[in-house]
Amino acid sequence: MSARFGLHNLTKIAGSTKEAIRVGRGRSSRRGKTAGRGHKGAGQHASKRSPLLFEGGQTPFQKRQPKHGFHNPNKQIFDPINLDTISEFVERGKLDATKPIDMKALRDSGAIGKQIKHGVKLLARGNDKFIEPLHIEVSKASKSAISAVERNGGSVTTVYHNQRTLQAHLKPEKYRPQKKAQPRGKDLAYYSSAENRGYLAQKDSK
């Protein structure tokens, strides 16, 4: 009677495994001298595996493709603030309607975020319900927002700031006062325009 079959007497099938060939032990072992790696080149080294997308040193595929689009390093990003947001903060008492509302007041009240990169732009969402006679000072403003504010007896002034003057305006306790920045090029044309309510145009009218 044959022995009972179980885990204790399992054996490997003949030929299922092979002994590893010891390389670099003479030519008679079939893996002597260069140990089966050939002559010279990256394949001779221990880390012979090439990185992903490596093409042997030539310019890889992803770098040979044409580039599309354009990144403007001088692009300015303005934080948007809408009229309905200003009205809401005035009603809640976080903005004082009796004083001019500038970017520092908007930032301190939480109407806009703490990180203002280039300035604030006034937009006209909620202009049909806007009734407060406010005096607002921002970096830029849309024409519909300007007309909505002035329709209720308020005013809008657009003021130019560079990075230093903006920091000093927003955080006077941290940065010392700076001279007013002088706009150039397209900025000069914008802030000199009475249509945009630029501060330079208001100086000339006085």
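Trainee: Is leucine 10 buried, exposed or partly exposed, and why?

Mentor: Leucine 10 counts as partly exposed because its relative accessibility is 47%. The cut-offs are under 20% relative accessible area for buried, over 50% for exposed and partly exposed in between, with a 1.4 Å probe and protein chains only. Before we go on: this is a predicted model, where local features need pLDDT of at least 70, side-chain atom pairs count only at pLDDT 80 or more, and totals for chains, interfaces and linings use all residues. Residues are numbered from 1 along each chain as its sequence is written, and side-chain values use heavy atoms, with hydrogens and water left out.

Trainee: OK, rings now. How many aromatic pairs are there?

Mentor: The count is 3 aromatic pairs. Rings of Phe, Tyr and Trp (its six-membered ring) pair if their centres lie within 6.5 Å; planes under 30 degrees apart are stacked, over 60 edge-to-face, the rest tilted. One of them joins tyrosine 160 and tyrosine 191, edge-to-face, at 5.7 Å centre to centre and 65° between the planes.

Trainee: Is tyrosine 191 buried or exposed?

Mentor: Tyrosine 191 is buried, with 2% relative accessible area. Tyrosine 191 also pairs with tyrosine 190: their centres are 5.1 Å apart and the planes at 75°, so that pair is edge-to-face too. Ring pairs link Tyr160, Tyr190, Tyr191 and Tyr199 into a cluster.

Trainee: And what lies over the face of tyrosine 190?

Mentor: Lysine 140, at 4.8 Å from the ring centre. The rule is NZ of Lys or CZ of Arg within 6 Å of the ring centre and within 35 degrees of the ring normal.
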